[in-house]
Amino acid sequence: MTSRAVVLGGASGIGAATARALAAAGHAVTVADLTEEGAGAVVDDLPGTGHAARRCDVTVETDVDALLSEAGADGNLTAVVNSAGSSTLGLLTELDEAEFRRVVDICLHGAFLVLKHAGRHVADGGAICSLTSLNARQPAAGFGPYCAAKAGLVMLTEVAALELAPRGVRVNAVSPGLVDTPLTAPAMDIPGVREDYLANTPLGRAGTAAEVADAVLFALTTPWLTGEAIDLNGGAHLRAYPDVHGHVVRAFG
Ligand SMILES: NC(=O)c1ccc[n+]([C@@H]2O[C@H](COP(=O)([O-])OP(=O)(O)OC[C@H]3O[C@@H](n4cnc5c(N)ncnc54)[C@H](O)[C@@H]3O)[C@@H](O)[C@H]2O)c1
């Protein structure tokens, strides 16, 4: 029987590229996102058969439970990838509490729900991979909730790796630097932001969603790897994070 993989946040960017890589590797892939239509558009272009599109909000436990219960029902769920994410921009002294909660809800609370239900339904010997970020280790003014949530997710990955190891389930994360996707497009329109990113990236370029998907597949398939967050950023973790907030202030006052 074909093994099944689930990609949450799979309708766009890194998640969509990961769904394509998993399908090319022979999995039947369930793509889940906030709308079934968005997930379906990705599924329509996947190679192979047995794929499915589902609506799932990672912040709603009944959604996550239903998605992963269904995918794991035949005991053949071998890979779960959580690529759902969102960010915001605002100094801590000015940030709305609701906006802080929204970002942490998706990036940390949602990640917990995915680890909880993936951990219950993935087959023994299966693997889970979350998307964290360069911001899990590099602080950025104006990105407080995102940095805190992604740093928390690295630790949650380590705890989950410990707890699921007895069943041979491996839990890892990939922490990308700048990748051009709908998430980063608004920031890239601000004068100076891209130049600052690239000046702080020793390899001098942004990554691609396909390159991140390759790293996710590495994390899912490397048998002795667990509890690891893989930095994938052209060396950007060796320098400073760009002053995105400063560029915004200079551009818009
Ligand atoms: N693009 C980058 O430069 C970059 C860098 C570091 C980390 N990341 C992380 O990689 C992951 C993917 O980012 P991307 O760049 O592909 O972004 P993206 O915006 O292209 O895709 C994110 C997807 O998550 C979905 N999503 C948002 N909230 C959700 C929710 N509550 N439930 C289910 N799905 C939800 C969105 O609908 C979207 O399809 C995110 O976790 C992001 O934080 C991205």
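Which residues surrounding the ligand are the closest? Of the 27 residues that surround the ligand, the closest are Ser-12, Ile-14, Asp-33, Tyr-146 and Thr-181. The structure is a predicted model, in which local features need pLDDT of at least 70 and side-chain atom pairs count only at pLDDT 80 or more, while totals for chains, interfaces and linings use all residues. Residues are numbered from 1 along each chain as its sequence is written, and side-chain values use heavy atoms, with hydrogens and water left out.

**View 1. The shell around the ligand.** A residue is near a molecule if one of its heavy atoms lies within 4 Å of it. By class, the shell around the ligand comprises 14 nonpolar, 10 polar and 3 charged residues. Ala, Val, Leu, Ile, Met, Phe, Trp, Tyr, Cys and Pro count as nonpolar, Asp, Glu, Lys and Arg as charged, and the others, Gly among them, as polar.

View 2. A polar contact is a pair of N or O atoms within 3.5 Å. One oxygen atom of the ligand lies 2.7 Å from a polar backbone atom of Ile-14. A nitrogen atom of the ligand is 2.9 Å from an N or O atom in the side chain of Asp-57. At Val-179, a polar backbone atom is 2.8 Å from an oxygen atom of the ligand. The ligand taken alone exposes 830 Å², and the protein buries 91% of that (accessible areas by the Shrake-Rupley method with a 1.4 Å probe).

**View 3. The largest pocket.** The ligand sits in the largest pocket, in the sense that more than half of its atoms lie within 2 Å of the grid points of the pocket. The elements giving two or more residues to the shell around the ligand are α1 (13-24) and α5 (144-164); helices (H or I, at least four residues) and strands (E, at least two) are DSSP runs, numbered from the N terminus. On a 1 Å grid over the protein atoms alone, a pocket is an open set of points with protein on both sides within 12 Å along at least five of seven lines, and lining residues have an atom within 4 Å of a point. The space in the largest pocket is about 980 Å³, a volume being the space filled by probe spheres set on the points. Of its 46 lining residues, Gly-85, Ser-86, Ser-87, Tyr-146 and Leu-183 are the closest to the centre. The lining has 27 nonpolar, 16 polar and 3 charged residues.

**View 4. The second largest pocket.** This pocket has a volume of about 150 Å³. Its lining includes Gly-177, Leu-178, Val-179, Arg-205 and Glu-211. By class, the lining divides into 6 nonpolar, 4 polar and 2 charged residues.

**View 5. The largest cavity.** A cavity is a set of grid points where a 1.4 Å probe fits but cannot get out. About 30 Å³ of space lies in the largest cavity. Among the residues that line this cavity are Asn-82, Cys-107 and Lys-150. Helix α4 (97-121) and helix α5 each supply at least two residues of the lining.

Definitions and conventions
Polar contact = N/O pair within 3.5 Å; in protein donor to acceptor, adjacent residues only side chain to side chain.
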